[in-house]
Amino acid sequence: MDNESTPTLAGELPQSFQTQSSEINELAGALSLAQGEMSPAKKGANNPFFKSKYADLTEIIEASRYPLTSNDLSIVQYCDDGYVVTQLMHSSGQWLRGRLRIQPKDNTPQGIGSALTYSRRYSWQMMVGLGAEDDDGEAAMGRAGSAYD
């Protein structure tokens with residue numbers, strides 16, 4: 001991502017989306033320290049449909065919460081016009097922001113909730129550089145089977 005207009009779907013007007021504060025040196029240093037303290041998230045959740053295990057959102061948050069907070073970092077996530085927005089903030093006021101379009105397989109509460117959780121989980125992992133294996137990506141794509149079956 002850059003600080004210019006972001007790609008849009010056909011017919012949408014481009015929107016400016018700022019991805020970082022003017023300086024990120026203090027945030028970068030704190031994130032480097034936090035990453036040094038992080039261990040991969042545990043794959044404790046089961047996906048019975050694919051007979052696989054994955055790190056769920058709670059495990060992702062728990063694997064990174066203490067390393068982030070002990071280095072004056074915090075994360076907020078919110079929905080904005082069809083996107084999950086993830087913002088990493090440092091006590092200095094510096095920040096990074098990214099967004100991921102929510103694309104539910106089904107337009108039902110279950111489908112939307114699943115897409116939100118999936119988007120939040122991956123956005124959080126990408127923002128902090130947290131490793132965790134994932135076996136349920138095929139479910140998000142609406143395809144049967146998985147590379148891990």
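The charged end of R97 sits over the ring of F17, 5.7 Å from the ring centre. The charged end of R99 is likewise placed over the ring of F17, at 4.5 Å from its centre. A charge is taken to sit over a ring if NZ of Lys or CZ of Arg is within 6 Å of the ring centre and within 35 degrees of the ring normal. The model is predicted, so that local features need pLDDT of at least 70 and side-chain atom pairs count only at pLDDT 80 or more, whereas totals for chains, interfaces and linings use all residues. Residues are numbered from 1 along each chain as its sequence is written, and side-chain values use heavy atoms, with hydrogens and water left out.

The protein chain comprises 4 helices and 5 strands, arranged along the sequence in the pattern α-β-β-α-β-β-β-α-α. Helices (H or I, at least four residues) and strands (E, at least two) are DSSP runs, numbered from the N terminus. Of the 149 residues of the chain, 38% count as buried; buried means under 20% relative accessible area, exposed over 50% and partly exposed in between (1.4 Å probe, protein chains only).

Helix 1 (residues 25-37) has 13 residues, which at 1.5 Å a residue should span 18 Å; the end C-alpha atoms are 19 Å apart, in agreement with this value. The expected span is 1.5 Å times one less than the number of residues. Within helix 1, L27, A30, L31 and A34 are buried. Seen down the axis, the buried residues of helix 1 fall within an arc of 100°, so they line one face of the helix; the arc is that of the directions from the helix axis to the C-beta atoms. The face turned away from this buried side carries the exposed residues N25, L33 and G36. The buried residues of helix 1 pack against helix 2, strand 3 (73-80), strand 4 (83-90), strand 5 (95-101) and helix 3.

S64 is found in helix 2 (residues 57-69) and is buried, with a relative accessible area of 0%. Not counting residues up to four places away in sequence, S64 touches M38, W124, V128 and L130, contact meaning heavy atoms within 4.5 Å.

In helix 3 (residues 109-128), Y118 and Y122 lie 4 residues apart, about one turn of the helix. Y122 is partly exposed, with a relative accessible area of 22%.
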